[in-house]
Every structure is written in structure tokens, then in C-alpha cells.
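Reader: Please take a close look at one part of this model, the packing of its helices.

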Amino acid sequence: MAPKAGGDAGKVNSAIYKDKSKPADIRLSNINAAKAVSDAIRTSLGPRGMDKMIQAANGEVTITNDGATILKQMSVVHPAAKMLVELSRAQDIEAGDGTTSVVVIAGALLDAAEKLLQKGIHPTVISDGFQKALQVALQVVEGLSTPVDLSNEDALLKAAATSLNSKVVSQHSTILAPIAVQAIRTVMEPIPNGIGARVDLRDVKVIERIGGTVEDTELIQGLVIPHRASNVNGPHRIEKAKVGLIQFCISPPKTDMDHNVIVSDYAAMDRVLKEERQYILNIVKQIKKAGCNVLLVQKSILRDALSDLAIHFLDKIKTMVIKDIEREDIEYVCKTLGCRPIASLDHFTAENLVNVDLVEEVNEPSGKYIKMTGCSSGGHTVSILVRGTSGAVVAEAARSLHDALCVVRCVARRPALVPGGGAPEAAAAAELSRAAITAPGADHYCFRAYADALEVVPSTLAENAGLNPIETVTELRAAHASAQSGAGVNVRRGRVTDMRLEHVLQPLHVTASALALATETVRAILKIDDIVS
């Protein structure tokens, strides 16, 4: 019996040995899938990056070079590739910009990890080595940063312009950057006894309108409602307006879904119509008694917010009425006007109304919209009206403006700027190369690999601008070796220059967050050794 047992043990051992190739294959498959996603958007990095045209299933076309938007629209199947899509989304939520850079860095780190795996270094050792390298890189990037005074508009403008210069609408950065800075400065709340300021981007409402050009984009200190008033013969412009926001309907009540009212004769029908008329008339009388001349009505799902009879009566008392205010916009409208929503007719009194200097209906070829300005009791909110010649242009301008707003928000949250153009990555790579010489054991290889991976950012910037990437990166290495910490790739002049002198600056938070999130994702992918469905 003994030899047989020995044979069984031999079989088990060989099975275990054979199975050792599976984790390596899974790891390689994950790395290749994630690298494919990274390579797909690599060409859209930087000011000279290419744009992508994305066609949705419904035939809608999007033209963009925003990493998060491209990846969101891509139909990715592989679970490891989906991790890179999630990574881009995480960067978008955390910083709002650098969504392409973070995926490109992650792709380069995975490429570096693949070479280390081929050398026979264990994935856990590589993962720990990359974490140590990240700490060194973050120290270098923080050392490069210069603190910013939030009252200094010029520094914020430089950061916003740097973000916009890599977008499709880069030629309009001189118009959009000041709008983004002014919007954030209006809504930010300084932290008492702290550094930076709190910014809630929900206080900045971006409204897209087709018609005009991107240059006609404007910032409005007040409220913009992107549809016309519901009146037929009512006023279109009211000065010194008294505005009320109601959450009930000015239309006859209806029964529940399961119930019916059966009317058997004309007299009963007449009585029903008379009651409806009286019901609406009572509401309109209360509105007139309170002195309200601009009425906002929340959108209703179950019945019409306004009946034709209600519009007729409101026209008679010269009250402008705007219906279909979305439920999720109520909070913003209340904060802008400084009012409270009125949920029942009993509470519709003069003290629950707010004064607004001017309410007007603006008529344009693309349609009408309502503009309210001079809200004396309102909070810190702004509306930005983004215009463009077509739907695709307007949508891309709004996305670019959102990125610029996020960049200024990042500076407000963590008031420090670093040079752009791949300078922080190149500085971190130079420091890691020096640290690798004295690093013990496998860390030596991990530091070197991490340093090489970070150089993908300046290399890709140069490649997308039509420069020689090898020459550019070599020149950049030489500049950082001779202590020129601000040296980066100047795509306009086609050579390496000091980015601070070129006013190419980006928030410290964007770069630090990109490095941290990319490293975290790569470590997660390296730790996976099997996919179970």
C-alpha cells in the first residue's frame, strides 16, 4: 500500500505545482486589460492631446478629451479594466481634474510591475515597494508646492487657465477662467481659524443653452430658470418683485388612482365645475392678498401644477407664474432667493415672500428663460449660462468649465500650487532614482520602476505635442539633476522650460490625489491572483 500512497502524494504535489501558473496568468491578464484602457486614452493627455468622438447607443455624439467622460462612455467588460474606470471616477470626485493623468500613471505603474514580476519579485513585495515609493514622491511634490493666498485672484486664474488649456475649448480659456474663479470666490466660505475654505459646487448652477458662441458665456449673480413663464397674457418683466415658492398645485384636486367620481346628471356636473372654479379662485385670492407678483410652482407628478383656469386668473392679477421647478432644485432656489418653500395655502402670507429687484423673461432664438437678479436676502450662490453653437460644443464647454471650477475648489481646499507640464512627476522620478541607489533589497528595483513609470507623464505630453519623447525626457532629467525643480515640458515652445515662469500651475491636491489613487489601484490589481465568477 505504501508505494500507492507515495504515488498519490506525487500526483497532488504535481497538481499544486501545475496550478502555480494560474495566478501568474490571471495577474498578467488583469495587467494587460488595464493597460489597454490606459493606452486608449493616453493620446488625449495634455494641451496638445487628441479628442475622442464617442457615439452612444442612441446615436448621440460626444466630442471630448476628458478622461472621466471617455471612460464613462466606454463599454468595458474586463473586471480589472473596470477598476481603471472606477479610478478615473474617484479622481473626478476627489479633485475634479487630472482624470486622464491618473489612468496614464496607473497604466505605466502596471507596466513597471509586469517587468518586476518577470524578474521573479513577489507581488506583495512590489506592492509594499510601490507604497514606500509613493511616500517619497508625495514628499517631493509637497516640497515643490508654493502656498497661495486665496485673496490673490491672479494665482487662481493661472490654475484655472492651466486646466482649461488642455480642453477642446482651450481658445476660450481667457473668458472661462475668470468666470470659474469669480464663481468659486462668491460661494466659498473661509474656515475660521483654519487653512483654506469650504466650497460646495452645488451652489454653482451651470445652465447649458444652444445659441451664440462660447464667448457669450456669462456669470449671473442670481437665479436662472431655463424655461419660459407659464402665463398667456401675463407680465414679462417685473421690478421690485415679491416672489413666492409653492409646493402645492393650483388645479382641481383629483381622486386616488383606484377611485372614481361618477357624475350622473348635468346639474351635478355644473356643481363640480363651480366648485373647481371656486377652489382655484380662493387660492388666487390668497396669492393676491399676500402681494405676490412672481410665483414659482414645484413640479408635480400626480396632477397638473397649474390648470388653464388658474393661468387665466393669475394673468388677471398680473402675476408672473413659472411652473415645473424640479424637486432637486428646490434647495438651490431657496438658498439663492433666501425664501422658504410654502407647502400649504394657510402659510401663503406676506412674510413668507422675498423681495427681488428684477425678474424678467429673456427671449432668444433658441427659446425663452427667466432671469432673477438682485436677491437681497439670498445666500452665496451663482448661475453660469454656458452658450455654444451646437449641443456637442455646449456640453464640452460645460464639462471644461466644471473641471476649471473643481481646480479652483481644490486650491481653496488646500491652498498650494505646483508647476505643471510634468514637472512634479519628473522631480519625483529624479528623487526616487537617487533614493533607489541606497534602498535595500527589492525596494531598489521597485523605486527604479516607480521612477521610470512617473516619467510617462512628461513623455506622453511630448509625444502628443509632436516632440521626440526620448530627447525631451532626457533633457528634463538633466534639468532636474541640476536642481531646476520647476522644469517641465513646454508644448508651445517645444522644449523644456521652467513652468513657473510660463505661469503653468496646477493645484497640489490634483497631483497628490492622482499619485495616491493610481498607486492604490495598482496595488489592488497586483494582489489579485484569481477571478471567481
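Reader: How are H2 and H4 oriented to each other?

Author: This is a predicted model, in which local features need pLDDT of at least 70, side-chain atom pairs count only at pLDDT 80 or more, and totals for chains, interfaces and linings use all residues. Residues are numbered from 1 along each chain as its sequence is written, and side-chain values use heavy atoms, with hydrogens and water left out.

Two packed helices are described by the angle between their axes and the distance between the axes. Helix H2 covers residues 21-42 and helix H4 residues 79-94; their axes come within 7 Å and cross at roughly 40 degrees. Helices here are DSSP runs (H or I, at least four residues), numbered from the N terminus. Axes are lines fitted to C-alpha atoms, for helices over the stretch in contact, and angles run from 0 to 180 degrees between N-to-C directions. H2 and H4 are therefore oblique to each other. Angles under 35 degrees count as roughly parallel, over 145 as roughly antiparallel, 65 to 115 as roughly perpendicular and the rest as oblique.

The crossing of H2 past H4 is right-handed (the near helix is turned clockwise from the far one by less than a right angle). On the H2 side, Asn-30, Ala-33, Ala-34, Val-37 and Ser-38 meet Ala-80, Ala-81 and Leu-84 of H4, where contact means heavy atoms within 4.5 Å. By class, this contact of H2 with H4 has 6 nonpolar, 2 polar and no charged residues. Ala, Val, Leu, Ile, Met, Phe, Trp, Tyr, Cys and Pro count as nonpolar, Asp, Glu, Lys and Arg as charged, and the others, Gly among them, as polar.

How values were computed:
Helix = DSSP H or I, 4+ residues; strand = E, 2+ residues; numbered from the N terminus.
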